[in-house]
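Please look over the sequence and the model shown below before reading on. The report that follows describes how side chains meet one another, taking one kind of contact at a time.

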Amino acid sequence: PVFDRLPEYPWQQLKPYAAKAAQHPGGAVDLSVGSPVDPTPQVIQDALYAATNAPGYPSTAGSPALREAIVEWFARRRGVVGLTIDQVMPTIGSKELISWLPLMMGLGPGDVVVQPTVAYTAYVVGAALCGAEIVSEDDPSKWPANTKLIWINSPGNPDGRVLGVEKLQAAVARARELGALLASDECYAELGWDGPWATERIPSILDPRVTGGSTDGLLAVYSLSKQSNLAGYRAAFAAGSEALIKGLVNLRMHSGMMTPWPVQQAMIAALGDEEHVAVEKELYRERREVLLPAVREYGFQVSDSEAGLYIWATLGEDCFATVDRMAELGIVVVPGSFYGPNSTKHVRFSITATDDKIAEGARRLRDAIGLNNR
């Protein structure tokens, strides 16, 4: 059975550490999950409420109004001009598309799916579902000849790494040389913090500077979960090659993978309102500025983490030793091994907890300085 190919859901391994953290006199500070905690903006709630009378089936391709909103958003927020509504489609969250894309493409044994060396967990699941081989490699020149699908993730989860225009260009050139689909997971693109990304727009794989004027063989995947606090809505979309989008929509029509009509209406409101995105980014900025210095002061070396919702850090020891060390302080973090064999000495801190929890986590880290016997 297919489910025999899948590992145990990794978060099960965190349960004993979460239980240990919960025994702290002040309770657990859970910095392991990247799930939004702030309210869904009222403008989006209102749009959903106004669309609750939805007796008919929604369009799998997305309503014309939603697709126009996605096209307009790409031009306004990502610098991607020239898309048409036939190049975009809504998805039921982004993880759904990421996990099922290799199977939808007809991949199987003998085919390679490439993922980053430090990778979000859904890419390997997608390869496992169809029996394809997964290869973790950031260097395009080393992508195998039988590669059919390449995942890049910028800004990265968990590491917050951003790929600039030149690196994206190199990925596009190599993918086209291989005849492979290059899919870019970009859902943290509004959340740049350091370096050039403090002021510059984080580039999309569909950026005209990257594509050479053609979206052939390219797919951008985006989610509104983070920037609009819509994780519970399952509101996401994809854009790219018109032929690919047409094929995916047809397959999704046959298999009943439809974004609910009220959610489509909420997405239109979310895409059209920039104020709530700016407000949420500022909340995350403030939380990051509380937690990040404390992580460093404790003794962690922070890697990348220039964008996104995570702090990717190491004490130079096995990641589970660090997870246990943090659990002693009542703090729950994610072991780097969840993200592949190349990150067994890192852990991931999330900045998606409440202000109070972030402040308490920072306080505990500072209180423990000098007490740890590393």
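## A network of charged side chains

Glu72, Arg76, Arg77, Glu190 and Glu274 are joined in a network of salt bridges, where a salt bridge means a side-chain nitrogen of Lys or Arg within 4 Å of a carboxyl oxygen of Asp or Glu. The model is a predicted one, in which local features need pLDDT of at least 70 and side-chain atom pairs count only at pLDDT 80 or more, while totals for chains, interfaces and linings use all residues. Residues are numbered from 1 along each chain as its sequence is written, and side-chain values use heavy atoms, with hydrogens and water left out.

How accessible are Glu72, Arg76 and Glu274? Glu72 has 39% relative accessibility and so counts as partly exposed, the class that lies between buried (under 20% relative accessible area) and exposed (over 50%), using a 1.4 Å probe and protein chains only. Arg76 at 26% is partly exposed, and Glu274 at 34% is partly exposed.

## Another salt bridge, and the total

The side chains of Glu297 and Arg366 meet in a salt bridge with a distance of 2.8 Å from N to O. This pair, too, links distant parts of the chain, with Glu297 in helix α10 and Arg366 in helix α12 (residues 355-368), 69 residues apart. Glu297 is partly exposed at 43% relative accessibility, and Arg366 is partly exposed at 35%. By the rule given above, the count comes to 22 salt bridges.

## Aromatic rings

The structure holds 12 aromatic pairs, which are rings of Phe, Tyr and Trp (its six-membered ring) whose centres lie within 6.5 Å, with planes under 30 degrees apart counting as stacked, over 60 as edge-to-face and the rest as tilted. The rings of Phe300 and Phe349 have centres 5.2 Å apart and planes at 90°, so this pair is edge-to-face. Because Phe300 lies in the loop between α10 (275-298) and β9 (301-303) and Phe349 in strand β13 (residues 346-350), the pair ties together parts that are 49 residues apart in sequence. Phe300 and Phe349 are both buried.

Elsewhere, Trp73, Phe74, Tyr222 and Phe237 form one aromatic cluster.

## Charges over rings

The charged end of Lys281 sits over the ring of Trp193, 5.5 Å from its centre, the rule being that NZ of Lys or CZ of Arg is within 6 Å of the ring centre and within 35 degrees of the ring normal. Arg348 lies over the face of Tyr310, at 3.8 Å from the ring centre.

## Cysteines

How many disulfides are there? The count comes to 0 disulfides, a disulfide being a pair of cysteine sulfur atoms within 2.5 Å. Cys130 is buried, with a relative accessible area of 7%, and Cys187 counts as buried at 8%.

Terms used:
Helix = DSSP H or I, 4+ residues; strand = E, 2+ residues; numbered from the N terminus.
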